[in-house]
Structures are given as structure tokens and as C-alpha cells.
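Subject: The model, and some notes on it

Hi,

Here is the structure I promised to pass on.

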Amino acid sequence: MKRQVIYIALAVVLILAIITSCVAPAAKAPAPPKILKIGCAMPFSGSASLWGESIRPVMEIYRDLINADGGWQVGDDKYIIELYFADGPIFSIPADVAAARSLIYDKQVSAIVSYFGIGYSAVAPITTAEKVILNSSTISMGTFNTEREPYSIFGFPAVEMSINQAMAVMEAFPQYKTLCWTGTKGGNVDIEKIYAPVDEEIQKKYGVRSIRLYYPEGTTNYTPYLIKMAEMGAEVLFSFGTPLEIGLMARQRHQLGYKWPIAANGAILDTSIVKGLAGSEEAMQNICGDFCYPWLLKKVQIAPRYMDMANRIRAEYKSKNGGKEPYAGAFGVGVPTMGHYLEGVQMAGTTDPDKVMKVLRGGTVETFLGKYTLSGKETYGSPVVFGFPCAMSIIKGNESVYLNEEPLWDVDHPLADVTDLIKK
Amino acid sequence: MDKAKIKAKLPLILLLAFITFTIIFPLVVKDRFLISILIEAGVMCLFALGFAAVFRSGQFSLGQAAFLAVGGYTGALLASKAGLPFWLSLLGAGLSSAIVAFLLGIVILRMGGLYFSIATLALGEIAIIIAKNWDNVTSGMTGIAVNAPLVKIGELSINFATTKLPYYYIILLLVILAALMFWRIDRSRLGTVVRSVAVAPVMSEQVGIHLMKYRVIMFTLAAFVTGIAGAFYVYYLSWVGPPLFSGAQSTVALIMCVIGGLWSAVSGPIIGAIIVSYFGTMMQIHLEGLRPLVFGVLVIVLIWFMPNGLVELQYRFPAWIKSLFKKKGKGPDAAA
Amino acid sequence: MPPAIFIDSLVLSSMYILMASGLVLVFSIMGILNFAHGQFYMLGAYAIFYLFQQAGINFFVSLALSAAIVGFVGILIERYIMRPIGQPVQAVVITIALISVFEGLITLIAGPAPRSVTSAFPGTVSIAGVSLSSERLATVIIAVLLIAALYLFIQRTRLGLALRAAAQQPVAAGLFGIQVARVSTLVMGIGCGLAALAGAIMAPMFYVDPWIGGQPLVMALLAIVIGGMGSLGGAVVGGIILGMIGSIVAYYIGFWSQLISFGIVIVILLFRPQGLFGQSEK
């Protein structure tokens, strides 16, 4: 009898010991001074891992170059940058949240950058509570409330930049007059009605007719929709879909005999991958996507130190990867958003989050993609959204080449944003 | 005291020790990441308990995530639009889930086991589709943000926004309450009847037991608990939206209960939920891309060696330790 | 209705019918729903990628090989992983866990990047003045042939008869000299092979990555619910209905087609849970 008690007690203690030992040692040796820890929650598992794996190495090179230069100047000190990555599969919000938590509680980062998942609303409360600056895409910022979330900035205005992106494409194809907006649609929102004023503005300013045809989430067979689009007279498509959706759509439109340019909101992955999705080199022609290489931008002025650094990153990446160019998206979402935070810290002269936010909010900041004054006061209650060059590339042959730019300067511009209209 | 009495009270002693441990734990171990994992594990415990309760009555509900969603959205709406305080929102969420379960249950529980399961599967999917599309109520993909509650107890005010610790204790309390409730039901006459409905429906009917009544009771109770879990989870995340509830989630409840042990009403689901939740998150953080493979293989291996769940360990473990000691004691020819 | 939409609905139906038939067969052997069925679709797609796209083996030979290889994998899984587990609940959980295992394994072996299978039937043909994609036409024709072959095999051959007997009354069949175990193995192989064929013929129309098995599984489940769990004919009908909804209804109504698919399933479950062709379970 007694033995049983002992065994069971042993078992309980054993289990407790296992769980407790999995806990990182609470008392770390005091870290060497002047380290700036930056976190990044990106997808590294699942189908979206292609993005994460493409962006991570470029950000790591940026970190290495800064540290090789002695560190990042903040006030009188130079800070060594430590970069931490966590797997945030972006389509699983609890996982994104866990990733954010592990970065904040475990690694104790002072900022989380390059977040482009759909879980902003769930991640923000955590970052806010711990005064960690969150630099996210506007794609899931629907519930953003400036009073509740004073430590959020938006370095990738995915929603707002879409119109500029589309117009950049249309400008490059003056022979096309009809643009079909597509992507997944949530719900019984009457998109036509909501966007009617926007479509009017587009017609007035650019002479482009907008039609809209959306499909339910999870659709992989776009054929019925493509046929409908042809009937409606579409000449160019603009989609908010993932690279998978874009590639499939390109493939299926090619099978139906259509050759419309398809423009995507995000950057195009390596053309070998796109070819796999689209099915053939022929099918992937005229796919357009976000294209943010600083050294190729024409309509924005980039500060020499950022152009310099961009070229260094590019050279370093190419030397490590057999001459391949880094992923364009790494210069859209990855490296620039890191730069936003670093610039803010330098401008404030301190890592204190309140002071950094004071400088960033409504401030004018040099970035890898140009100089922007943060805007969004009218639309979001606080000027915390960066501008964007909205440069587009197009696939010609086997390559993705520069097409055109239509820079986004001000989020509050009526053509830039429709979130306000939806709220009304 | 004689040995028999101690032996009889042993489970209770251990249980109290375990509960004391869980209460003291976060005060000693300050790792906030671990605490946040445990809080989520707690939500999963409630979720698994709900699934187990339905299973107890002989049915597989593969759509429990639907009730998490109903509870979650109800809680969010009550908190943000109606401004109800924390506990009332939780209660309201539980009630709305229970009502939905009741209405659905009286219809779909009539079908045979397999059809019911598929119906719940479909319902789970439909709940998500409704969440995505019913913009006027659920705000579609944008979701609803919930402000962290501010609870005042006399002089003490706990601001939920700055620290997560109160959440830990609340979910601990909820899990204990739910576990108590289901355990008592299981031990009572109601539990016996429910089990007979599950194991021998034909005979039970002949004895005059109204099958549907008991199935519906368990289904509704399960939804009540699950609804509260959903609302709590939403408060914890400060947000609710369609991506939180996936079809895969409902099957996770099944996995948790099987791993924990299907034949126990309470300890099986709880153990399973904690293990799956904890190791699942740990693996994701440390393994990244390899996680699905490792997770799947582990589940298969666990089921192979312990088809009746980890709860079995409590019986096997003492015997195994005893056998170790016995071998050593046998003499030089038995040396390892 | 444009002819392209009609062909499109046939293409979708073909995939759903093949998947659903395979699932019905596997269900009749395993007694439980095999949630990993979609993974065989994915494996079939990878098989055709490696055999046809990479190694350049003739398309039809590749198809046959894909079916055979994946069918064999299915048999192995059933015998060595599933059979030792006596209880159905645990077996179901194992099939669910197998989904992660397959996805993870293939990610490890082939990588997460999507691959492409070039069409074996490029270009378009002109029929009655209408230009149709050769790939899609070919897919439909192949699928119809396969389904017809399956039907003939089950209804008209002795082996098929043995199969039906073993499925419905294993003990009695055994008494009549039918080797139930061997027949079961064959059926399992055929069931998984059908899923692989679905994946292989559809591969040129979509892409191939480790996660393509999820959606076909859901559609197969919906199809057999509509058609009836134990019925092959039901699988065909269910597949056709879903194909039409996914294509024709999507064309006319567009957005709500997804809800309609689920809605039909709910209606069937409410009023005729055994499906259109299933036997009533009481």
C-alpha cells in the first residue's frame, strides 16, 4: 500500500519536473548591454511557408550588415540587432497569437515587424499590453482602434495600395479600358454599392471602367467566374488572392484562351514557382505583382543611405545564392518594415516605445521605398500608415520585369481607401 | 488509520494535491508564455469535456467548434454591443449555445450514429460559413473586437488588459466546475442511464428509457460548457473572427479525448487536452515545418500503444515499476 | 449556358465521382470513414508528376502506375496501421493523424513549392463550331471510361460479384468459398487507386502541392452523404450534383454555390439521412 503511494507520488513529481523543465530558465544571465531585439512572425509551415522562407534570409542579411557596421545608432549608443523569427502560419490565428507570445514573453522583443497575417486583431492586444511596437499590414486591421492600440503602425498598406497598383497596371496598358476586380468576398456585403463612388472616381481620374466579380473563399475552380468576366468585357484583372489563387486563375484563363493581364496585390514569387502554378511559361505571361526593389523604382526618391544598404543586401544575397535575385516581397513587407522601426528608434533617440511612437505617428520617415509622411488620421483616427510606391512588375518570358509605379502618398485620399465607406 | 482507508482516499488526496499545485504554479513559475499555453489548454479542456459528454451518450459530435463559435460570437456581442459584464457575457454565451444545441439536437439526434456525426461535421462548416457571411451580426472576416474586462472586487481592481494571470485562475475555476459537474453526472443515476443509452440503445428503449431525451440532455450540456469556453477564449484573445474556428478544430477534440482516454468522462479529456495543446504549441514553436509530421506520427504511436488512452497509465504504471524492482531483486543471473 | 461551363461541370463531377466511389469502397472494407482518403488523391497527383512530368513515361501508363502504386500504399496502410487497431474510434483518429503524416512527409520529400504537370493534351479542339479545351475533354472521357470500367467490373464479373458478396455478408461469403481477406485487400487497393486516379487526371488542371488533398476529401464526403453511404451508384449521383453546383450554379448565382452544397447535405440529412440511394438504417 505504502509502495503504491510512493510510486504514484513519484509519477506526479516526474510529470511536474518534466513540464517545469521545459520552461526556459527564468533567470537569464544579464544580456550584454545595447541590444535591440526585433521579432517577426511569418509563415514557416504550410503552403504559405514559401513566403516566410523567401523573406527571412533577406532580413537576416540586413541584420548582419547593420551589425557588421558596428550596430544601429540610437542616441549616443550603437545597438546590435537580434532578429527572432516565429512560425505564424497566417491562416491560423491561434498559431499567430502563440508565435507573437513566444516572441514577446520568451525572446522579449521590443517590436514585431513584417506581420502580414489575418490575425492583427488578435495579436494587437498582446503587443499593446506589453508595449511592443507592431508593424503590420493593413489587411486585417478592420478593428483597429487608435486609443486601444497606441503601439501599432502599418508599414504595408495592402488594402489602400490596391487601387494605385491597379492604376499603375492600367497606365501601362492604355489600350485596355475595363478592369475587373476579383478575389474572395466575405458575405452579403454589397461590394458594387460600396465601391460605386470609388469606381466613379476611378473613371473620372483614370478613364478606367471597373467591374467587380468575387468568389467564395476556398474556390479553386475559377472557370465559371472567368467565363462570366469575359462576358462582362474584362480586359485586365486585379486580384487580392494569394499566389496560389493567382497562379490557378492564370492557368485556367489560359486554358479558356484568354490572355488578360492578371495583377496581384502581393509580390510574385520566383517565376519557377509561378510556372508550376500556372502550368507553363505561356500561361504565366502577363501576371503582374508588387515589385519593390529599391534600385528599380523610378517615381520615388530614396535616401542614399537606404539605396546603399539595399544594394549591399542585394549583392550579399546574390553572392550567397548563386546570382539569384532576392524575393521582391522581401523588399515590400520584410526589410522595409524592419527599417520603419529602426528609423523610428533612431529618430526618437531612444528605444522607449512611447517616444518612438510619438516620432512615428504622423511623422516623416525615410524608408527603403522612399520618404513618406504617415497618414490615416481621417480614416483610422491616427496617422500610423506608411505610404508605398505601388510598383508593379509583369512576367515577360521567364522573368519578372518592372512595369510601372503609382505611389501612394496619403492613405486619407479618397481613392486610396474604402474602409471608411464600409464603416458608414 | 488503516491502510484500506488510505488507499480508498488516495485518488482524492492526489487530486487535491494536483489542484493545489495548479493554483500555486503560476505564482512560482513566472514564465508568461507557459502560462498563456496553459490558459489555452484550459479552453481546450472545456472543449474536450463537451465532446466527451456527447460521446458518453453514444454519439460523436464532429462539429463542436460550431458551439465554440456560437458562444464566442454571443459573448463578443454581449460584451461589446450590450456592454454586459464579464460573467454575464459568459453565462449568456453558454445559454445561447445550449439553446442552439437543443433546437438542433432534437432534430439531428434522431439519426443513426454515423449520420449524426456527418450532420455535425456539416454544421461545423456551416457555422463558419455563416460567421464569414452574416456581416450585419458577425462583421464577416473583420470580426468583433472585445475590450478587456475591468473587474472590480471591492477595493481590488483587476485590469485584464495588463496581466493575463486572472485569466488563468478563471479558466482553472471553469475547468474545475465543469469537471465536477460532469463527474457528478456520470456517477449519478442520470449518468448510468446515459451510459446505457450509449452502450445498449435497443435494450434501454425496451426498458422504457427515452433515448432522445438523454442524448439531447448531454448534447445541450456539452454545448453550454463549450459556449462558455468560446466566450472565455474570445475575451482572452480580445477578438473573435471566422479564422478562429476551423473544421479541423472539432476533430482535435476527438484526438484529445482518444489520447486521454475515451472511457473516462473527466480525467481522460482533461489529460488529453493538456497534452495535445501543450505539446502541439511547443512543437510549433520549435519544429516549425516538421510539426505536422511529428504530431501525426506521435498520435499514431500513442494510439497503438495505448488505445485506451493515457488514463491507462495510472493502472499500468505501478505494475511496471513493481516489475522493475522485482527483476533487480532476483539475483545475479537476472542482472541487466 | 456556354458549353465551356457544361464541360467544366463534367470535369468537376468526374473528380468527385472518382473520389466518392473510392471512399465508398474503402468504407465498405474498413467500416469507418477514411479521413486520409484525400491524401491518396495528393499522392496520385505527385505520382503523375514524377512519372509523367519528370520521367517522361507515357501518360496512360503513368496513370495506371499511379493507381497501382498508391493503391498498394493504401493496402499497406490498411493492413499494418489500421488493422491492428480494433476499435473504430481509435481507427478514425488514426486516419485523421495520417493526414498530417502524409502532408508532412511529402513536404519533407518533395518540398512545399507547388509543381506543375503539363497537359498531355494541349490546345483546343473545335466541336460544332465551339472551341473547347482538349485537356478538359480528355479528362472527362478518361473519367467516364474509368467509371464505366468500374461499373462493369462490379456488376458483370465474378470477381465483382465476390466483392459485393464479401461487402454485404462477409461470413456467408466466406462459407461460399470467397476469400474475404483477399477480396478486402483488392477492394482497398481499388478504392485508394481511384482516389489516386482522380488526383492524377486533375493534376494538369490545377497544381500539385502537399495540401491539395483537403478539398477533394470534403467534396467526397458531401457526395457520399447525398448519394448514400454504401452505394456506388449514389456516389455517382452525388458527384454529379456537386459538380453541377460547383460549376453551373456558380456561373449563374456565383457566390452562394458553396452554401448551397452544404445546404443540400443538411436537407438530405434531415429528410433522407441514408442518402438518395442508401439503405435505411434503423
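Below is what was found, chain by chain.

First, some housekeeping: this is a predicted model, in which local features need pLDDT of at least 70, side-chain atom pairs count only at pLDDT 80 or more, and totals for chains, interfaces and linings use all residues. Residues are numbered from 1 along each chain as its sequence is written, while chains are lettered from A and ligands numbered from 1 in the order in which they are written.

**Chain A**

Of its 424 residues, 56% are buried. Buried stands for 20 or more other C-beta atoms within 10 Å of the residue's own, exposed for 12 or fewer, and partly exposed for anything in between, with C-beta atoms placed from the backbone. If you take the contacts in chain A between residues at least 6 apart in sequence, 66% join residues at least 24 apart. A contact here is a pair of residues whose C-beta atoms, placed from the backbone, lie within 7 Å.

Let me start with a sheet. Six strands of chain A form an open sheet in the order 2-3-1-4-5-6, with mixed pairing. Two strands count as paired if DSSP finds at least two bridges between them. Strand 2 (72-74) and strand 6 (152-156) of chain A are at the edges with a single partner strand each, so one side of each has no neighbour in the sheet. On average, neighbouring strands of this sheet are turned by 30° against each other, direction ignored.

Helix 4 (residues 120-129) of chain A packs on this sheet and touches strand 4 (111-115), strand 5 (133-137) and strand 6 of chain A; its direction makes about 170° with that of strand 5. Angles run from 0 to 180 degrees between N-to-C directions, and axes are lines fitted to C-alpha atoms, for helices over the stretch in contact.

Within the sheet, strand 1 (residues 35-42) and strand 3 (residues 77-87) of chain A are parallel and share eight bridges. Ile38(A) is opposite Leu83(A) of strand 3, and Gly39(A) has Tyr84(A) in strand 3 as its bridge partner. Strand 2 and strand 3 of chain A, by contrast, run antiparallel and are joined by three bridges, with Gln73(A) opposite Lys78(A). Those two strands form a hairpin with two residues between them, and Gly75(A) in the turn has a positive phi of about 65°.

Which strands pair with strand 14 (392-396) of chain A? One is strand 11 (residues 287-290), antiparallel over three bridges, where Cys288(A) has Ile394(A) as its bridge partner. Another is strand 15 (residues 399-404), also antiparallel, with five bridges; there Met392(A) stands opposite Asn404(A). The hairpin of strands 14 and 15 has two residues between the strands, and Gly397(A) takes a positive phi near 70°. Four of the five residues of strand 14 are buried.

Two backbone details are worth a look. Most residues other than glycine have a negative phi. Lys131(A) is not a glycine, yet has a positive phi of about 55°; it sits in the loop between helix 4 and strand 5 of chain A. Lys131(A) counts as partly exposed because it has 15 C-beta neighbours inside 10 Å. Cys390(A) also has a positive phi, near 50°, and lies in the loop between helix 13 (377-380) and strand 14 of chain A. With 27 C-beta neighbours inside 10 Å, Cys390(A) counts as buried.

**Chain B**

Chain B has 14 helices and four strands, and 51% of its 336 residues are buried. Its average pLDDT is 82, and 88% of the residues score at least 70; pLDDT is the predictor's confidence in each residue, from 0 to 100. Over residues 329-336 of chain B the pLDDT is below 50, and that stretch has one contact in the model beyond near neighbours in sequence.

**Chains A and C**

Where chain C meets chain A, 26 residues of chain C are in contact with 24 residues of chain A. On the chain C side, helix 1 (3-30), strand 2 (130-133) and helix 10 (232-252) each supply at least two residues.

Best wishes

Conventions:
Contact = placed C-beta atoms within 7 Å.
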